[in-house]
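Take a look at the model below. The text after it walks through its parts one by one.

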Amino acid sequence: MKIAVLPGDGIGTEIVAEATKVLKALDLKFEMESALVGGAAYEAHGHPLPESTLNLAKNADAVLFGAVGDWKYDKLDRPLRPEQAILGLRKNLGLFANFRPAICYEQLVGASSLKPELIAGLDILIIRELTGDIYFGQPRGRRVATDGHFPSAEEAFDTMRYSKPEIERIARVAFEAARKRGKKVTSVDKANVLETFQFWKDVVTEVHKDYPDVELEHMYVDNAAMQLVKKPKAFDVIVTGNMFGDILSDEASMLTGSIGMLPSASLNSKNQGLYEPSHGSAPDIAGKGVANPLATILSAAMMLRFSLNQEEAARRIEAAVQKVLAQGLRTPDIYSEGTTKVGTAQMGDAVVKALAA
Ligand code: NAI
Ligand code: MG
């Protein structure tokens, strides 16, 4: 089992150190090799995703990723910015399915801005398509208009676009995932207005014929945004396009309290994957030893489950995380009165200890 470890920038190095600590405590045989990525790689090699880092990732079964980015790189040309490393990895590894579970741990119910009864026991999975949609559709650009409400005015345009195979493969991923969980898929679209998403709806409906044991519902994205805060537990698996998924997954992440708790996985068709916390490099708290490492530790658990075929080890990590929360240990982002405030490394050590017990 080969794991490429790419800590990146800011809190990336601190939280990935805790996740590798936890992996090493598992008595499984991993080959772990680290490389620079993002701003750290730019400083050392002049590029956020050097060839050597990309090759390490390509030849691994899975990539454990921290985070990249810092305000100090904002003035760089776009191709040299740290965030380009993520896009480059997604593209080169063919990562098309982004999994973002939103689970509300019993001990953290109070950390959510929603009423406890709405989110206690929440366990939903958002699956976002990563390679298509308006983020990549051509043509795009700026020009002087020749029609529309303001002919001859300056304008900008993007193209929303999905091909049938792209929709089919993400729909299959969603139905397969639902089979192992609550057996329900909500496909989120805007079929009432957009041809791309009428097509999306038609293709998902067709793929559904192969999964009669899974319930399929269709929902418009505006309604889905409402239902996520009104009755989030009514969802099981949500599948949607790149842009709607970007927005809804951030909305869902807030149901559970802190972004410091939320793992993610991005998979290709060979189950090779990139695993990272849902948050960024948090430059405001970097180097202070206070970042919550649990999102990264839970991402490592997803890596064991999806790419390394180690379901039992994945569950052991998830149980250990629940245990440290039950012990009342909290990094500052999830701290509340009556609990014990700990730093990044202490939290990692506590998870290791809970694994052993
Ligand atoms: P962010 O997620 O880094 O931080 C948002 C807020 O959440 C900050 O107040 C931060 O302190 C807090 N936070 C994040 N992770 C935390 C953790 N583990 N424990 C405790 N608190 C945590 O998002 P922001 O500030 O918008 O972006 C910062 C940098 O990260 C930017 O350069 C951005 O481009 C980059 N970024 C990178 C991502 C990636 O590597 N996949 C994803 C999102 C942002
Ligand atoms: Mg986002």
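The paragraphs below go from the sheet to a helix, a recorded domain and a ligand.

This is a predicted model, in which local features need pLDDT of at least 70, side-chain atom pairs count only at pLDDT 80 or more, and totals for chains, interfaces and linings use all residues. Residues are numbered from 1 along each chain as its sequence is written, while chains are lettered from A and ligands numbered from 1 in the order in which they are written.

Start with the open sheet. It has 10 strands, in the order S2-S1-S3-S12-S11-S4-S5-S10-S8-S9, and the pairing is mixed. Strands S2 (31-34) and S9 (215-220) are at the edges; each has a single partner strand, so one side of each has no neighbour in the sheet. On average, neighbouring strands are turned by 20° against each other, direction ignored. Strands (E, at least two residues) and helices (H or I, at least four) are DSSP runs, numbered from the N terminus. Two strands pair if DSSP finds at least two bridges between them.

UniProt, in an unreviewed entry, places the feature "domain: Isopropylmalate dehydrogenase-like" at residues 2-351. Such annotations may be inferred rather than shown by experiment; positions follow the numbering used here and feature names are shortened. That span is 38% helix and 20% strand, and its end C-alpha atoms lie 23 Å apart.

Finally, turn to ligand 1. It is surrounded by 22 residues, of which the closest are Gly69, Gly260, His279, Gly280 and Asn292. A residue counts as near if its C-beta atom, placed from the backbone, lies within 6 Å.

Note on methods. Axes fitted to C-alpha atoms, helices over the stretch in contact; angles between N-to-C directions.
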